[in-house]
Amino acid sequence: MTRDYEVIVLGGGAAGLSAGLTLARARRSVAVIDGGAPRNARAQGIHGLVAAEGISPAEYAARGRAEVARYGGHLIDGRVPGVARTDDGFTVRLDDGATLRGRALLAATGVRDELPPIPGLPDHWGTQVLHCPYCHGWEFRDRRIAVLATGPMSWMQALLFRQWSADTMLLTNRFTYDDESLARLDAMGVEVHDGTVTEIVDDPAAHGSSTAGRLSGLRLADGRVIEVDAVAVHSHLHANVEMFGDLGLEVAENEFGTYVPAGDDGSTAVPGLWVAGNLRDQHATVASSSADGVLVAARLNMSLIFADAETAVAAGLTEAHR
């Protein structure tokens, strides 16, 4: 079965749902496809989102889906193995065998996180293992926060988390930093611990209680255990672009991972393919991803309006010359 839409949105997170809502309200036929694996699924709440502060990721997605549907947008659950180019747009193949056709695609497929290979670290991702102080720093204010170094910029992450807690430390984890960077940390009261982190330590007293499995510290290669309440770490980001295959979509890389270069309006070098959210802005939060989805959807809608106007003008000229 093949279904036709003017715009197909890939990804049902903040950027994708906001784009779907904007396009549906613009009276476009739009489908939003969601694979059901949100990056923030393990977070207890979304923060910095005005009028919805602390809302759970599941509730946020449910409200967004309902709003898109209210204006006639279609929500489709499924994964997309591949996308192909056609003469007048794109075809999107779903994992259940269904096919969708669209004049334009808006990709909001986001990124996935690769954490350092330290035993126990993934178990606490999104709860006590953090990456963004603006998202979760308040919840660990004045607590013991350890920044786990993953590269040459980690000293800046430690300086940032110091804003939320005076009890912030940097674990160098095999990385070295220049005297100027270390002087800044020392001046702000950030302790620096040399050594390689080998595993996450859970609180044995918490087992069998309501806090079972709670992170309590970091073990170093020399056997020392540093007690902490939270660990801040930069993950390596991978743009979710596998479904685009040989369309020619450009993927770039920087010190944080991969992303899709795009114009200010979200347009890419592939005609008719637009990107929004973390796919083009690695540091976008839920709030900024949502705003980006609106912006890109509006620019995409305008491009379709111009295309329709040009087609109408060409048709009129053809008719006039008959």
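**View 1. Antiparallel pairing of β12 and β13 in the predicted model**. Five bridges join β12 to strand β13 (residues 215-220), and the two run in the antiparallel sense. Within this pair, Asp202 lies opposite Leu215 of β13.

**View 2. The open sheet β12-β13-β14.** Three strands form this open sheet in the order β12-β13-β14, with antiparallel pairing. β12 (197-202) and β14 (225-227) are its edge strands, each pairing on one side only. On average, neighbouring strands of the sheet are turned by 30 degrees against each other, direction ignored.

**View 3. Strand β16 and its partner β7.** Strand β7 (residues 111-114) pairs with β16 in the antiparallel sense over four bridges. Glu114 stands opposite His236 in β16.

**View 4. The largest nonpolar core**. This core holds 26 residues, of which Leu10, Ile33, Val83, Val92, Leu100 and Phe244 touch the most other members. At least two core residues come from each of β1 (2-10), β2 (30-34), β5 (89-93), β6 (99-107) and β19 (273-275). In soluble globular proteins, nonpolar side chains tend to be buried together.

**View 5. Surroundings of Leu10.** When residues up to four places away in sequence are not counted, Leu10 touches Ile33, Val80, Val83, Val92, Leu106, Ala107, Ala108, Thr109, Met243 and Phe244.

**View 6. A second, separate core**. This core comprises 19 residues, among them Val68, Ala104, Ala276 and Ala297.

Conventions
Residues numbered from 1 in each chain as written. Predicted model: local features only at pLDDT ≥ 70, side-chain atom pairs only at ≥ 80, totals over all residues. Heavy atoms only, no water. Core = buried A, V, L, I, M, F, W, Y, C linked by side-chain atoms within 4.5 Å. Buried < 20%, exposed > 50% of the residue type's maximum accessible area, 1.4 Å probe, protein only. Contact = heavy atoms within 4.5 Å. Pairing = 2+ DSSP bridges. Axes fitted to C-alpha atoms, helices over the stretch in contact; angles between N-to-C directions.
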